[in-house]
Amino acid sequence: MKEQDLNNLLDMYNRRLEETRVLNLQTWVLNLENYTMIQKQKANAKLKSLKLQKTILAILGILYGAAMVFLGIVSMKWQTIFFSICAYGIGVITLIAAFVYFRQLYWINRFNNEDNIISAQEKITRLQSSTLWVTRILFLQTPFYCLWFVTPASIVNAPLSFFLITLPIALLFTYATYWLYKNIHLGNAHKKWFKILFGSREWTHLQRSQQFLDDIEEFRSSIAVR
Amino acid sequence: MNTTQQKQAFLGLIEQNKGIIIKICNSYCSHKADREDLAQEIIYQLWKSGHTFNSDYRFSTWMYRIALNVAISHFRKNKSETKPITLSEWHIEIEDPPETSSEKEKQLQLLQLFISQMKELDKALMLLWLESKSYSEISEIVGITETNVATKLSRLKEKLKQQFAQLQL
């Protein structure tokens, strides 16, 4: 097909797009108040529950995190060194997760449809995928929950079973935590274990987010590639 | 200005620019009910954002940004529910179809199908180009450089030509 033929065809397509009869814009504008009310109710309900959920999680996270850090600091003695480190670790990680929730709330409040398309769509997609961040960070707490009860004295006097059961379990969880921290990212959203971990609905959602981020990246960098 | 006057002014603006909304809806939705939902959503978002319009920018730029952002989000949200698109589904319904030869009509349907298969952002670019927007305005709406707009558009047209060539049309 020649350039001119394609241009003529595109022109015809363009005119046809405009000639369609499917829309009744006038009626909708005249009924705008009703529609606005319905949409507002829908949007508010959705946004309110999302905001409320994130606010509660962020506040609880701060309270729990601060309490754990406090416990870690006040119990800092040689006899309870494991407990202190674990409490401190759990507290700091929880505070970071709470910070991520606050950052998400900030993004939700700042989202604007009037931004250019790339920027607006990137913001939505990044917000959708930032759930991964929280999950990833919260997993880091796991080894601390396996070791908080250990004391230096219990290690010295420990029976063989301690080294055969507690230690391997703690090591296994530490490795699993490290592995999950390294591998939970959008790039792995297509894998089976990811689907099991996040459930199929969230998985589809995240997979689509990754696909769209790739599209944005490709779209933006197409000049550089050639 | 009271609400009725505001609504009248808004209606005027929508009337002047309704082509934009209609084209976007037709390009992003294959089913009539979806197109209507999308158009209502776009109008609602425009109405909601009306007070934030900055007169330093062109009205059409602002309108395109909102309408395309709503359309892309709507399309992505409903993607999993969309059945595979067939040629007949993408045939745009019009009241009095202009007379075209069956060969041209076939080509037109194929073009609709090829455009419908484009990625969301490519489709937005093609739509803006069809609207005869300048590269500078397209770049402002989409958020990429003018050079990138030109290169992307030429590649999209090249791809369309290849798709037609493969079918020997």
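This report covers confidence, salt bridges and a nonpolar surface patch in a predicted model.

## Confidence in chain B

Chain B has a mean pLDDT of 78, and 83% of its residues reach 70 or more. Among the elements of chain B, the highest mean pLDDT, 90, belongs to helix 7 (residues 135-142). The lowest, 74, belongs to helix 1 (residues 3-16) of chain B.

Over residues 81-91 of chain B, pLDDT stays under 50. The model has 23 contacts beyond four places in sequence for this stretch. Where pLDDT is low, the predicted coordinates should not be read in detail.

## Salt bridges at helix 8 of chain B

Over all chains, the whole structure holds 8 salt bridges. One of them joins the side chains of A:Glu3 and B:Lys161, at 2.7 Å from N to O. This pair crosses between chains: A:Glu3 is in helix 1 (residues 3-19) of chain A, and B:Lys161 is in helix 8 (residues 146-166) of chain B. A:Glu3 is partly exposed, with a relative accessible area of 37%, while B:Lys161 has 14% relative accessibility and counts as buried because the cut-off for buried is under 20%.

B:Lys161 also meets B:Glu158 in a salt bridge, at 3.7 Å from N to O. Both B:Lys161 and B:Glu158 lie in helix 8 of chain B, 3 residues apart, or about one turn of the helix. B:Glu158 is partly exposed, with a relative accessible area of 40%. A network of salt bridges links A:Glu3, B:Lys157, B:Glu158 and B:Lys161.

## A salt bridge within chain B

The side chains of B:Arg58 and B:Glu137 form a salt bridge of 3.7 Å, N to O. B:Arg58 lies in the loop between helix 3 (32-49) and helix 4 (59-77) of chain B, and B:Glu137 lies in helix 7 of chain B, so the pair ties together parts that are 79 residues apart in sequence. B:Arg58 is partly exposed, with a relative accessible area of 41%, whereas B:Glu137 is buried, with a relative accessible area of 5%.

## Nonpolar patch on chain A

A nonpolar surface patch of about 720 Å² is made by A:Leu52, A:Ile56, A:Ile59, A:Leu60, A:Ile62, A:Leu63, A:Leu95 and A:Phe102. Helix 3 (32-74) and helix 4 (81-110) of chain A each supply at least two of the patch residues. Helix 3 of chain A gives the most, with 6 residues.

A:Ile56, one of the patch residues, is found in helix 3 of chain A. The relative accessible area of A:Ile56 is 43%, and the residue is therefore partly exposed.

Key: Residues are numbered from 1 along each chain as its sequence is written. Chains are lettered from A and ligands numbered from 1 in the order in which they are written. This is a predicted model: local features need pLDDT of at least 70, side-chain atom pairs count only at pLDDT 80 or more; totals for chains, interfaces and linings use all residues. Side-chain values use heavy atoms; hydrogens and water are left out. Patches are made of residues with over 30% relative accessible area and no salt bridge: like charges are joined within 9 Å, nonpolar side chains (Val, Leu, Ile, Met, Phe, Trp, Tyr) within 5 Å. Accessible areas come from the Shrake-Rupley method with a 1.4 Å probe; for residues, only the protein chains shown count as cover. A salt bridge is a side-chain nitrogen of Lys or Arg within 4 Å of a carboxyl oxygen of Asp or Glu. Helices (H or I, at least four residues) and strands (E, at least two) are DSSP runs, numbered from the N terminus. Buried means under 20% relative accessible area, exposed over 50%, partly exposed in between (1.4 Å probe, protein chains only). pLDDT is the predictor's confidence in each residue, from 0 to 100. Contact means heavy atoms within 4.5 Å.
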